[in-house]
Amino acid sequence: LQQILCSAGYDLIAETETSDNVVRLTRLLRPDILIISNALQPQGGTTVAKEVLEKRLAPVILTLEDVTPEIVRVACAVGVTSLLSKPLRVANLIPAIELAQSRWAEALKAQEYLHCLQEKESTRDAVDNAKRALMESCNMSEKRAYRFIQRHSIDTRSSMRQVAEAILNDCERVARPRITSSVPVLEGSAR
């Protein structure tokens, strides 16, 4: 494998014989891709691939001695980018690496897009809740409440989400019952 990779212009940055070191080395070295043998001990390659992929450390190509439908099913479920049967050949390995890197980049881009959408939804929810709070507590119209949040955002150079969260925090603080302790004063008490 090392000869094939080096002859194709790739750098091999680490090799390990045991599955115990794979995640640690991947986290430490941040490789562009992992090529894992399914025969890796003490855990199998699919188990290690699952852990690496769940932590979004690197794309994984799984090499197999024997390709069975069960191994293919498990590898797909885990998220393995590509499967290669041994003996490895340059003609198979290089396209698998290129494909794995391309799919990984697409997956990261999709994850980033999803995160952006979730942030937008969270902001919209916060602004809607703050509008509702202003409408109830200050007797504002929806349009006026939105303009208030928008104007305050501009004036303070804060995001609308930050302003909305501050409004919600203030409303929550005001709505909380205050507990005061009072000491009864007795009239005519001794001096």
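Biologist: Let's start with Ser82: which element does Ser82 lie in?
Modeller: Ser82 is part of strand S3. Keep in mind as we go that this is a predicted model.

Biologist: Is Ser82 buried or exposed?
Modeller: Ser82 has 12% relative accessibility, so Ser82 counts as buried. The cut-off for buried is under 20%.

Biologist: And what is Ser82 in contact with, leaving aside its neighbours within four places in sequence?
Modeller: Ser82 is in contact with Val60, Ile61, Leu62 and Ala96, once those neighbours are left aside.

Biologist: Now backbone angles. What is the phi of Arg30?
Modeller: Arg30 has a positive phi of about 50°, although Arg30 is not a glycine. Arg30 is placed in the loop between H2 and S1. With 49% relative accessibility, Arg30 counts as partly exposed.

Biologist: And what about the phi of Arg56?
Modeller: Arg56 also isn't a glycine, and its phi is positive, near 50°. You'll find Arg56 in the loop between H3 and S2. Arg56 counts as partly exposed because its relative accessibility is 42%.

Biologist: Leaving aside neighbours within four places in sequence, what is Arg56 in contact with?
Modeller: Arg56 is in contact with Arg30, Trp104 and Gln111, with those neighbours left aside. Arg56 and Ala107 are 51 residues apart in sequence, and their C-alpha atoms are 9.9 Å apart in space.

Biologist: Where is Ala58 found?
Modeller: Ala58 is in the loop between H3 and S2. Its relative accessible area is 0%, so Ala58 is buried. Not counting residues up to four places away in sequence, Ala58 touches Thr26, Pro31, Leu34, Val52, Leu53 and Trp104.

Biologist: How far apart are Ala58 and Gln3, C-alpha to C-alpha?
Modeller: Ala58 and Gln3 are 22 Å apart in space, C-alpha to C-alpha, and 55 residues apart in sequence.

Biologist: Change of topic: which residues touch the most other members in the largest nonpolar core?
Modeller: Val22, Leu34, Ile36, Val52 and Val60 do, out of the 19 residues in the largest nonpolar core. H2, S1, helix H3 (45–54), strand S2 (60–64) and helix H4 (69–78) each supply at least two residues of this core. H3 gives the most, with four residues. Apart from this core lies another one of eleven residues, among them Val127, Ala145, Val163 and Ile167.

Biologist: OK, and Val127, where is Val127 found?
Modeller: Val127 belongs to helix H5. Val127 has a relative accessible area of 8%, so Val127 is buried. Leaving aside neighbours within four places in sequence, Val127 is in contact with Tyr146, Ile149, Met160 and Ala164.

Biologist: How far is Val127 from Lys143, C-alpha to C-alpha?
Modeller: The C-alpha atoms of Val127 and Lys143 are separated by 12 Å, and the two residues are 16 apart along the chain.

Biologist: On to pockets: what volume does the largest pocket have?
Modeller: The largest pocket has a volume of about 800 Å³. The lining has 27 residues, of which Leu1, Leu12, Ala14, Glu15 and Ile35 lie nearest the centre of the largest pocket.

Biologist: Which elements each supply at least two residues of that lining?
Modeller: Helix H2 (22–29), strand S1 (34–37) and helix H5 (90–137) each supply at least two residues of the lining of the largest pocket. By class, that lining has 17 nonpolar, five polar and five charged residues.

Biologist: Last topic, cysteines. How many disulfides does a search of the whole structure find?
Modeller: The search of the whole structure finds zero disulfides. Cys6 counts as partly exposed because its relative accessibility is 45%. Cys116 has 36% relative accessibility, so Cys116 counts as partly exposed.

How values were computed
Residues numbered from 1 in each chain as written. Predicted model: local features only at pLDDT ≥ 70, side-chain atom pairs only at ≥ 80, totals over all residues. Heavy atoms only, no water. Disulfide = S-S within 2.5 Å. Buried < 20%, exposed > 50% of the residue type's maximum accessible area, 1.4 Å probe, protein only. 1 Å grid on protein atoms, 1.4 Å probe; cavity = no way out; pocket = protein on both sides within 12 Å on 5 of 7 lines; lining within 4 Å. Points joined across faces, edges and corners; volume = space filled by probe spheres on them. Nonpolar A, V, L, I, M, F, W, Y, C, P; charged D, E, K, R; others polar. Core = buried A, V, L, I, M, F, W, Y, C linked by side-chain atoms within 4.5 Å. Contact = heavy atoms within 4.5 Å.
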